[in-house]
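Visitor: I would like to go through this model term by term. Please set each value against its definition before drawing a conclusion.

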Amino acid sequence: MKRIVLASAAMLALTVCAQEQRPNIIFILADDLGYGDISSFNPESKISTPNIDRLARDGVRFTNAHAASALSTPSRYALLTGRYPWRTSLKQGGLDGDSPALIAPERETMAEMLSARGYRTACVGKWHLGMDWKRRETDGGKSELDFDSPIKNGPTERGFDYFFGIPASLDIAPYVYVENDRVTAPPDRTIAKQNKEPLLLMHGGPAGADFEPGECLPNLFRHAIEYVDGRKSGEEPFFLYLPLSAPHTPVLPAPEYRGKTGIGDYGDFVVMIDDLIGDLVEALERNGQLDDTMIVFTSDNGCAGYIHVGEMERKGHRPSYIYRGYKSDIYEGGHRVPLIVSWKGRLCGEERDDLVSLIDFYATFAQMTGHELRGDEAVDSYSFWPLIAGLGSGLRKDLICEAGEGYLSLLRSDGLKLIFYGGSGGWSRPTTRQLKEAEYPPMQLFDLSEDPAEKRNLISEPAFADEVVRMKSDAARYISEGRSTPGEPDRNDTDIWRQARIIMETALR
């Protein structure tokens, strides 16, 4: 009987993989959620996430998944374009709420690709990829945002039929909701800057009359559920990109969630996220949509190390699990993320340790829906649709990840990881300042298959010399050719920059 069940599952996987599929897609992107914050990824987690775990039971859980960057803006750029973010003019850090649009008009997005395949598309949540605000001069001669005029080059001009959300992170002004290309309520007050308590971090600035930070997360889920309810006729498949505002700072769990975990407000906020995801899945079930909907759950980067991580770890919870570092770091805790691809009735609780990246969803959804990529489309994206369907191994052999300060690493599928810098490249030790005050090797090499916590730097080990040469050469080639997938060379948006120059020069030695 067991053999019959296994054979049936294999035939189902073969059918799912071989045929063009057009399920509804809901892509839930948490903000600053650690790999170890989800109980199905961390058996010792002090946070219970039953609704997310349920998605894992109805899907595939990827344990070697990575964002392309350890920060929000570049990570999101890579996800939506299938292109490494360091190919743009943004070489480090992220954008502000009033920054211009990062995605060039000629650069096709995942939403545009799916729209061409017959999908209705919506983005509900945190954008953080820039949009072009109109500005006006005040009586005092200063320039300020014009909240009464349409906003150009936002989500609705990058492939989404509908947008409701916030321009950037919850702690970054302007604190307004944007619906399509208009602010829903112009600012009528100013939120004060607050940086004394890390969990309540706010950079300060104008706030819309209808905007309260503590209500943002539930409001986003209300709009997401309204969108799902509005698509229950099933005439066309839909793609709902749901980039959450949480658990990014300010950490604001609703009163009924405070104290749920015993490790502080951050853990309680994650429980709140899990419950709201349960409400969304319940809406799909109520509408009879669940069996026709693929749900992806992941995070844009690792947990932020400044949100009382030390206190949580003393209480037995490790947001980065066994991995080193946090958000902004080139170490695994900065960019290794929990990833679940769930499809009730089509997939079942499988675990895969193949190397995959969020940058790969562009090519994955393209293969799933029967879209043939053009030569200049998604130039760094590898499809892992066969992995989701349960057939074959991963195509990705290596991956470049980026730290908050713009330093890069090359991670191979065999676990070797070469960091083209001597420190974290972010906020964890050793920082750039500490590198200047002490002697550190200029590069780092780790074997994650033996040392997942990145404790032993192998860069000076003769046994790895040839591998280091090959990895340097591969990274240099990906930079110079403007792509890392097979095809005609493309171009980067800028000439050679600091980190690229270091890689190119070291590859010649």
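Visitor: In what sense do β2 and β14 pair, and over how many bridges?

Guide: β2 and β14 pair in the antiparallel sense, over four bridges. Two strands count as paired if DSSP finds at least two bridges between them, so β2 and β14 qualify with four. G59 stands opposite S342 in β14. Strands here are DSSP runs of E with at least two residues, helices are runs of H or I with at least four, and both are numbered from the N terminus.

Guide: A note on the source: this is a predicted model, in which local features need pLDDT of at least 70, side-chain atom pairs count only at pLDDT 80 or more, and totals for chains, interfaces and linings use all residues. Residues are numbered from 1 along each chain as its sequence is written, and side-chain values use heavy atoms, with hydrogens and water left out.

Visitor: What makes β9 and β15 the edge strands?

Guide: The open sheet has 10 strands in the order β9-β8-β7-β4-β12-β1-β13-β14-β2-β15, with mixed pairing. The edge strands, β9 (182–183) and β15 (350–352), each pair on one side only.

Visitor: How do you know that both faces of β14 are covered?

Guide: Buried means under 20% relative accessible area, exposed means over 50%, and partly exposed lies in between (1.4 Å probe, protein chains only). In β14, L339 and V341 on one side and I340 and S342 on the other are all buried. In a regular strand the side chains alternate between the two faces of the sheet.

Visitor: Why is helix α3 called largely enclosed?

Guide: In α3 (residues 72–81), 10 of the 10 residues are buried, so the helix is largely enclosed by the rest of the structure. Its buried residues pack against β1 (24–30), α4 (110–116), β4 (120–126), β12 (238–243), α9 (361–369) and β17, where contact means heavy atoms within 4.5 Å. α3 also lies across β1, β4 and β12, running at about 170° to β12. For such angles, axes are lines fitted to C-alpha atoms, for helices over the stretch in contact, and angles run from 0 to 180 degrees between N-to-C directions.

Visitor: Why do D380 and R87 count as a salt bridge?

Guide: A salt bridge needs a side-chain nitrogen of Lys or Arg within 4 Å of a carboxyl oxygen of Asp or Glu. The closest N and O atoms of D380 and R87 are 2.9 Å apart, so the pair qualifies. D380 lies in the loop between α9 and α10 (385–389) and R87 in the loop between α3 and α4, so the pair ties together parts that are 293 residues apart in sequence. D380 is buried at 0% relative accessibility, and R87 is buried at 0% as well.

Visitor: What makes R189 partly exposed but D188 exposed?

Guide: R189 has 28% relative accessibility and counts as partly exposed; D188, at 53%, counts as exposed. Their side chains meet in a salt bridge (3.7 Å, N to O).
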